[in-house]
Amino acid sequence: IQEGLNRSVLDSLPAPTAVINTEGIIVAVNRAWEEFAAEQGGDLSQVGVGGNYFHACRSATDAARQEADQALTGILNVLSG
């Protein structure tokens, strides 16, 4: 029951949302995240569950690079306290 509830709550969020652990491993994503990734040409094996978000940010190119750097910096700042 809890897993279903968690999935429903996550999927109810309109913003693309990924849940990551402290190593950057993506442990859950919502439908909006999957749709956004597909629209951007993202590979869900890299930016979906099991992928490493930190690695994906560091691998970003072109126009996505600045936003990816900002996201990564912000996450690492939160993790470091």
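**Entry 1: the core.** I looked up the largest nonpolar core and found 12 residues in it: Ile26, Val29, Trp33, Ala37, Val47, Tyr53, Phe54, Ala56, Cys57, Ala60, Ala68 and Leu72. I then checked which elements supply at least two residues each, and these are β2 (26-29), α2 (31-39), α4 (53-59) and α5 (64-79). The largest share comes from α4, with 4 residues. I note that the model is a predicted one. I also note a general point: nonpolar side chains in soluble globular proteins tend to be buried together.

**Entry 2: helix α5.** I wanted to know what span α5 should have at 1.5 Å a residue. With 16 residues, α5 should span 22 Å, and its end C-alpha atoms are 22 Å apart, so the two values agree. Just after α5, I found Gly81 with a positive phi of about 95°.

Entry 3: I turned to the largest pocket, which has a volume of about 670 Å³. Its lining has 20 residues, and those closest to its centre are Phe36, Gln40, Val47, Ala60 and Ala64. Which elements give two or more residues to this lining? I found α2, α3 (44-47), α4 and α5. I sorted the lining by class and got 12 nonpolar, 6 polar and 2 charged residues.

How values were computed:
Residues numbered from 1 in each chain as written. Predicted model: local features only at pLDDT ≥ 70, side-chain atom pairs only at ≥ 80, totals over all residues. Heavy atoms only, no water. Core = buried A, V, L, I, M, F, W, Y, C linked by side-chain atoms within 4.5 Å. Buried < 20%, exposed > 50% of the residue type's maximum accessible area, 1.4 Å probe, protein only. Expected span 1.5 Å × (residues − 1). 1 Å grid on protein atoms, 1.4 Å probe; cavity = no way out; pocket = protein on both sides within 12 Å on 5 of 7 lines; lining within 4 Å. Points joined across faces, edges and corners; volume = space filled by probe spheres on them. Nonpolar A, V, L, I, M, F, W, Y, C, P; charged D, E, K, R; others polar.
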